[in-house]
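Read the sequence alongside the coordinates shown here.

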Amino acid sequence: MSIEVQNLTKIYGNQKAIDEVSFSIGASEIVGFLGPNGAGKSTTMKILSGYVNETSGSAKILGMDTSQDGLKIKKRIGYLPELNPLYGDMYVKEYLGFITDIHKIKNPKSAIDRVIESTGLERECQKKINQLSKGYKQRVGLAQALINDPDVLILDEPTSGLDPNQMKEIRSLILSLGENKTILLSSHIMQEVEAMCSRVIIINKGKIIADDTLDAVKKNWGNKNNSVYVRFRDAIDHSKLSSIFGIQSIDLVDDKTFIIYSEGSTDLAELLFNFAVSSDTIIVEQKEQEKSLESIFQKLTDHD
């Protein structure tokens, strides 16, 4: 396993940031690590990266214990923290050269050229870091995480501050890196997680509450109700539609279009067909609503 976590606990004062967290990640997996603010994501990532020591339990990267082999691990991983600390008065190439010195990389120019090209920094690499936009600063953070060609990447909010085009480019980069690297990434952008990750781990209040493939999470933790998008040819009195036995609730899109919710055993197709006939109209479009990762995340973490 590339990452192995067993009963990992971290206590700050009287507060448990993480509480007996356990999971493992194999080689060449891209895993989304999700949770609301304060759930314990960043603390777990800092422990895995060797920047914070655990209170109890254990964490291993490539078979090495984070509390005993921190320096060895840092040579084999790339870490992008959420706040992405950078030296603003340094030029981009100067900063990356500084990072190659820390890693004692034998051919620094080749490594710098490689990460500048892969993160799309060519046009900005002659500038000082404090002259860059937030999106390009994030790219510099990614470049420093990749400079040592790591086996394991730990990325905390890697697309933070990027515009849609930049997000697409970084997503493609992460997907290509995932072909031969293990990647654990945290993000609040659920669409990005769905696009990049085959598996998700959800943490809430310091505990793992879901850990499975993306498809299995949608199947096992999704809303048990049916939901159907339907558009009629003519305007519909939605109060008549909502009064049909078996329909739980309705979201009104416009006077012809609705999202209908029902219990899992209800045949919505038959109900809506019969309603259309009795209302002297026809159904122009009808499709089952796919359960989104965002709705499942909200369901699992919004206990208040």
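A residue is called buried when its relative accessible area is under 20%, exposed when it is over 50%, and partly exposed in between, using a 1.4 Å probe and protein chains only. By this criterion, 46% of the 304 residues of the protein are buried. The model is predicted: local features need pLDDT of at least 70, side-chain atom pairs count only at pLDDT 80 or more, and totals for chains, interfaces and linings use all residues. Residues are numbered from 1 along each chain as its sequence is written, and side-chain values use heavy atoms, with hydrogens and water left out.

The C-alpha trace spans about 75 × 45 × 35 Å along its principal axes. The protein has 11 helices and 14 strands; these are DSSP runs numbered from the N terminus, with helices being H or I of at least four residues and strands E of at least two. A contact means heavy atoms within 4.5 Å. Among contacts with a separation of 6 or more, 68% are between residues 24 or more positions apart.

Strands pair if DSSP finds at least two bridges between them.

Strand β1 (residues 3-12) is joined to β2 (residues 15-25) by 7 bridges, and valine 5 stands opposite phenylalanine 23 in β2. These two strands form a hairpin with 2 residues between them, and glycine 13 in the turn has a positive phi of about 65°. β1 is also joined to β4 (residues 56-61), by 5 bridges in an antiparallel arrangement; here glutamine 6 has serine 58 in β4 as its bridge partner. From β4, 2 bridges lead on to β5, where methionine 64 is the bridge partner of isoleucine 61.

Why is α1 largely enclosed by the rest of the structure? It is so because 7 of the 8 residues of α1 (residues 41-48) are buried. The buried residues are Lys41, Ser42, Thr43, Thr44, Met45, Ile47 and Leu48. Just after α1, glycine 50 takes a positive phi of about 85°.
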